[in-house]
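Have the viewer open and follow along.

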Amino acid sequence: MTHSTNVLVPQSPEEAVASFGDGAGITVVAGGTIVMPELSSGRLRPERALVLANAGLDGISAANGAVTIGATTPVLALVGATPEPLSTFAAYVGDYEIRSQATIGGNLCAPPGPESPRGDLQAPLLALGARIRSAGAGGERTEPVEDFLAGGEGRLVLAIEVDEPTSSGASAIGRPHAHNYTIMAVAAAAGADGVRVAVTGAGPRAQRLPSVEQALAGGADATAAAAKATDDVTPADDALASAWYRARMLPRLVEQALSQL
Amino acid sequence: MKLYVNGIEHDLETPPLESLLTALREELAITSPKAGCNQGGCGACTVIVDGEPRRSCLTPLAAIDGASVTTVEGLGADGALSPIQAAFFDHYATQCGFCVSGFMLAAHTLLEREPGAGRDRIIEGLAGHLCRCTGYVKIVEAVEAAARGDVDLSRDRDRESEFLTEGSQA
């Protein structure tokens with residue numbers, strides 16, 4: 001079923017960017033944890049596949065207070081080696097084997113699943129004000145993670161840069177099993193420009209909670225600010241949880257995360 | 001595409017975007033890695049790739065050209081079970097057997113990473129593996145015994161196995 005797919009296995013970041021080109025008709029395979037079932041089942045039949053395993057896009061480096069994380073760095077490698085709340089969220093993804101195979105770039109680009117949201121790491125990246133370096137049509141660019149997520153598909157992530165926050169918080173609804181996608185989780189981080197708060201699992205993609213952030217900036221305490229969370233999102237109703245449940249849990253999770261700052 | 005499977009070199013004809021699981025089962029006829037859910041959620045296809053446990057159903061061949069792969073057949077030496085295999089035998093940790101090769105390979109690498117791992121670390125480390133016979137109690141007991149080094153590798157389990165089979169037929 002994949003016989004007609006042209007499989008490209010770049011051996012350097014430069015070769016990966018050149019092979020990706022403008023991204024037309026190409027499927028990127030990083031860790032493979034999301035895309036391989038699509039390929040094996042025949043639901044996805046790309047003209048070209050870009051396998052990044054040998055492209056040298058992995059690795060974590062720190063300089064001048066900023067941490068740069070290569071796109072194909074495994075989720076497992078983020079645990080204990082990247083700023084909170086990203087590290088805690090990474091430890092909460094899947095199981096050991098999935099964490100060691102899945103990549104941060106793949107998680108960032110994960111489309112909403114057919115049955116539930118996914119892409120748990122989007123929330124801590126939003127809370128940390130991450131900057132995304134990507135290649136594609138128009139060349140390379142670096143942009144805030146909000147703009148990257150709003151831009152949709154069609155870019156090749158090269159690296160993710162985050163700053164060390166002054167304090168952070170993370171809270172999540174417990175999973176019944178390691179393979180369940182997260183029902184809902186909240187990330188918060190305080191930095192020079194105030195507190196950022198983001199939620200994953202409330203809608204198709206993770207999103208910031210500006211009403212909560214503004215309430216905090218205006219002097220509200222954690223409980224009062226957390227009550228604003230439902231002003232910003234209309235919680236999803238799906239196979240994992242009802243919208244009713246999410247709407248009641250969201251302020252609790254926000255309050256928990258804020259209380260850790 | 002080239003792989004070293006249990007120490008033997010293979011040149012593969014399976015297309016590069018097919019999974020390692022497909023290559024092992026369909027081309028090399030090594031059927032111990034099971035095609036359970038085919039989406040990474042059951043653990044039955046787990047093999048060791050360059051020392052790390054991997055879901056072979058989620059691993060495209062193109063990503064591991066030249067890698068060393070160990071399946072459960074490669075765990076022990078010729079005629080001798082590995083400690084984790086012996087512990088599974090001693091503790092009756094196998095029922096239907098479908099999940100067992102994945103469990104043993106994951107447990108083997110877990111004890112390489114964390115020798116002497118305790119019960120909580122074992123449960124956390126094996127969290128991605130499902131046993132539809134629900135034999136988790138015996139599986140965890142077996143891995144705990146292997147972690148303690150409480151396995152007698154000098155025992156002749158082949159003979160015991162024959163004896164048990166004869167006994168049950170009598």
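Start with Leu76(A), which you'll find in helix H3 (residues 75-78) of chain A. One thing to keep in mind as you look: this is a predicted model. Is Leu76(A) buried or exposed? Leu76(A) has 20 other C-beta atoms within 10 Å, and the cut-off for calling a residue buried is 20 or more, so Leu76(A) counts as buried. Leaving aside residues up to four places away in sequence, Leu76(A) touches Arg99(A) and Ser100(A).

Now jump to Pro13(A), in helix H1 (residues 13-20) of chain A. Here the count is 19 C-beta neighbours inside 10 Å, so Pro13(A) is classed as partly exposed. What does Pro13(A) touch, not counting residues up to four places away in sequence? The partners are Ala55(A), Gly56(A), Leu57(A) and Leu158(A). Thr182(A) is another matter: 169 residues from Pro13(A) in sequence, and 32 Å from it in space, C-alpha to C-alpha.

Next, have a look at strand E8 of chain A, residues 156-163. E8(A) is mostly covered, with six of its eight residues buried. Which strands pair with E8(A)? One is strand E5 (residues 66-70) of chain A, which runs antiparallel to E8(A) over five bridges. In that pairing, Ile69(A) sits opposite Ile160(A) of E8(A). Strand E6 (residues 131-135) of chain A also pairs with E8(A) in the antiparallel sense, again over five bridges. There, Ala135(A) faces Leu156(A) of E8(A).

On to a helix: H9 of chain A, residues 210-217, where Val212(A), Ala215(A) and Leu216(A) are buried. These three cover an arc of only 100° around the axis, which puts them on the same side of H9(A). What covers the buried residues of H9(A)? The cover includes strand E11 (194-200), helix H10 (222-226), helix H11 (229-232) and helix H12 (243-259) of chain A. Just past the end of H9(A), Gly219(A) takes a positive phi of about 100°.

The largest nonpolar core has 130 residues, and Ala187(A) and Val254(A) touch the most other members. Which element gives this core its largest share? That would be helix H3 (residues 100-113) of chain B, with eight residues. Back in chain A, and leaving out residues up to four places away in sequence, Ala187(A) touches Pro85(A), Phe89(A), Ala123(A), Pro124(A), Ala127(A), Ala170(A), Ala198(A) and Ala257(A).

Let's zoom out to whole chains. Chain A has 12 helices and 12 strands, and 51% of its 261 residues count as buried. Its C-alpha trace spans about 55 × 45 × 35 Å along the principal axes. For 261 residues, a compact globule would have a radius of gyration near 18 Å, and chain A agrees with its 18 Å. Among contacts in chain A with a separation of 6 or more, 62% join residues 24 or more positions apart.

Chain B has six helices and five strands, in the order β-β-α-β-β-β-α-α-α-α-α from the N terminus. Buried residues make up 45% of its 170 residues, and its C-alpha trace spans about 45 × 40 × 25 Å. A compact globule with 170 residues would have a radius of gyration near 15 Å; chain B, at 16 Å, agrees with that.

Technical notes: Residues numbered from 1 in each chain as written. Chains lettered and ligands numbered in written order. Predicted model: local features only at pLDDT ≥ 70, side-chain atom pairs only at ≥ 80, totals over all residues. Core = buried A, V, L, I, M, F, W, Y, C linked by C-beta atoms within 7 Å. Buried ≥ 20, exposed ≤ 12 C-beta atoms within 10 Å, placed from the backbone. Helix = DSSP H or I, 4+ residues; strand = E, 2+ residues; numbered from the N terminus. Contact = placed C-beta atoms within 7 Å. Pairing = 2+ DSSP bridges. Arc of directions from axis to C-beta. Rg over C-alpha atoms; globule rule 2.2 N^0.38 Å.
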